[in-house]
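User: I am new to this structure. Please take a close look at one part of it, the aromatic pairs and what surrounds them.

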Amino acid sequence: MIQEFGHEHVFDNHFEPHVPRDEDYVLHFSVEGGCLACVTHVGGTDADAGDSGEEFELPRPADYPRRPDRTTYLFSLGPERFFLALDESVPAPSGFAYESVNWLRHAEPQHLLFAAATASQLNRWYRENRFCGRCGHATELAPTSREIVCPECARIVYPKICPGVICAVVSQGATPADDRIVLTRYAGRTTALWALVAGFTEIGEPLEDTVRREVMEEVGLSVKNLRFYKSQPWSFTDTLMVGFWCEVDGSDELRVDHSELKEARWFRRDEVPLERTGDRASMTGEMIERFRTMGRDAWA
């Protein structure tokens with residue numbers, strides 16, 4: 001998954017008032033959310049499924065024609081430190097362009113993909129809290145911690161994290177070959193891959209109830225035997241995704257919410273599309289592949 005890239009790049013997000021060194025990374029994002037990146041290798045048409053084959057680099061201070069005026073420390077990955085340029089605009093380094101962070105999902109190296117995605121989440125948080133939501137006064141960055149504070153009314157704002165669930169709904173067949181899983185495709189997307197039921201947790205709702213509600217709303221099924229799988233930071237939507245396996249309880253007839261989904265259907269293991277086999281970023285892809293290759297052992 002996106003956060004899994006080896007022990008040499010241990011993630012440490014403890015805030016310190018560091019100043020960028022020449023060897024550090026200093027990221028900048030456009031108003032639209034694109035990340036300054038230099039594509040160093042363009043993949044060919046024979047790239048693996050889910051992998052565009054691209055490689056990219058992120059900017060360091062010396063890459064900029066003029067160093068950004070305002071920066072803040074973000075986090076480190078092993079010995080590599082990452083900063084965010086808070087300037088509204090910066091002179092783009094030679095060879096760099098603003099690339100969609102979603103596009104970078106399929107590029108290498110993976111630890112820089114994780115850095116760009118996580119930095120994009122913090123960038124949105126900084127941009128969206130320039131003024132106090134209580135009194136409207138201009139806000140400031142706390143000098144020794146990752147907080148945004150209002151000097152007028154003392155309101156403190158912390159980075160936003162939205163909990164959500166990924167739900168692998170399964171049905172155990174007479175034999176392992178007959179085991180099935182529900183896959184869905186979202187409506188209104190030009191390239192809608194098959195995915196799992198997913199959704200955000202509502203106010204006052206435990207994660208387990210989110211699973212039951214989202215499965216019922218999207219595909220009309222009741223579920224039982226919920227099993228926690230693992231969690232994943234998903235900075236593309238400011239989300240902490242929590243994965244669950246669950247079994248259908250009662251009727252397996254799908255009643256699809258077509259306002260949200262283009263389609264949904266049951267798949268046996270040998271029917272699961274192979275489009276996710278190269279997906280190194282998402283828990284959705286990992287869980288689908290576990291079902292395809294392991295069957296009931298994936299959730300037992």
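Analyst: What follows walks through the aromatic pairs and the strands around them. The model is predicted.

Start with the rings. A pair of aromatic rings is described by the distance of the centres and the angle of the planes. Two rings pair if their centres lie within 6.5 Å. By this rule the model has 14 aromatic pairs. Take Tyr25 and Phe82. Their ring centres are 4.8 Å apart and their planes meet at 10°, so this pair is stacked. The cut-off for stacked is under 30 degrees.

Where do Tyr25 and Phe82 sit in the chain? Tyr25 belongs to strand S2, residues 25-27. Phe82 belongs to strand S6, residues 80-85.

Arg60 lies over the face of the Tyr25 ring, at 4.0 Å from the ring centre. Tyr25 and Phe82 also belong to one aromatic cluster, together with Phe5, Phe11, Phe75 and Phe114.

Now the strands. S2 and S6 run parallel, joined by three bridges. Leu27 stands opposite Leu84 in S6. On S6, five of six residues are buried, and the strand is mostly covered.

S6 also pairs with strand S5, residues 71-77. Here the sense is antiparallel, over six bridges. Ser76 has Arg81 in S6 as its bridge partner. S5 and S6 form a hairpin, with two residues between them. Gly78 is in the turn and has a positive phi of about 60°.

Move on to another pair, Trp194 and Phe267. Stacked or edge-to-face? This pair is edge-to-face, with 4.9 Å from centre to centre and 75° between the planes. The edge-to-face cut-off is over 60 degrees. Trp194 lies in the loop between strand S12 (180-186) and strand S13 (197-200). Phe267 lies in strand S16 (residues 261-268). The pair therefore ties together parts that are 73 residues apart in sequence.

Trp194 has 9% relative accessibility, so Trp194 counts as buried. Phe267 has a relative accessible area of 2% and is buried too.

One more charge over a ring deserves a look. The charged end of Arg105 sits over the ring of Phe236, 5.5 Å from the centre of that ring.

How values were computed: Residues numbered from 1 in each chain as written. Predicted model: local features only at pLDDT ≥ 70, side-chain atom pairs only at ≥ 80, totals over all residues. Heavy atoms only, no water. Phe/Tyr/Trp six-rings, centres within 6.5 Å; stacked < 30°, edge-to-face > 60°. Helix = DSSP H or I, 4+ residues; strand = E, 2+ residues; numbered from the N terminus. Buried < 20%, exposed > 50% of the residue type's maximum accessible area, 1.4 Å probe, protein only. Lys NZ or Arg CZ within 6 Å of the ring centre and 35° of its normal. Pairing = 2+ DSSP bridges.
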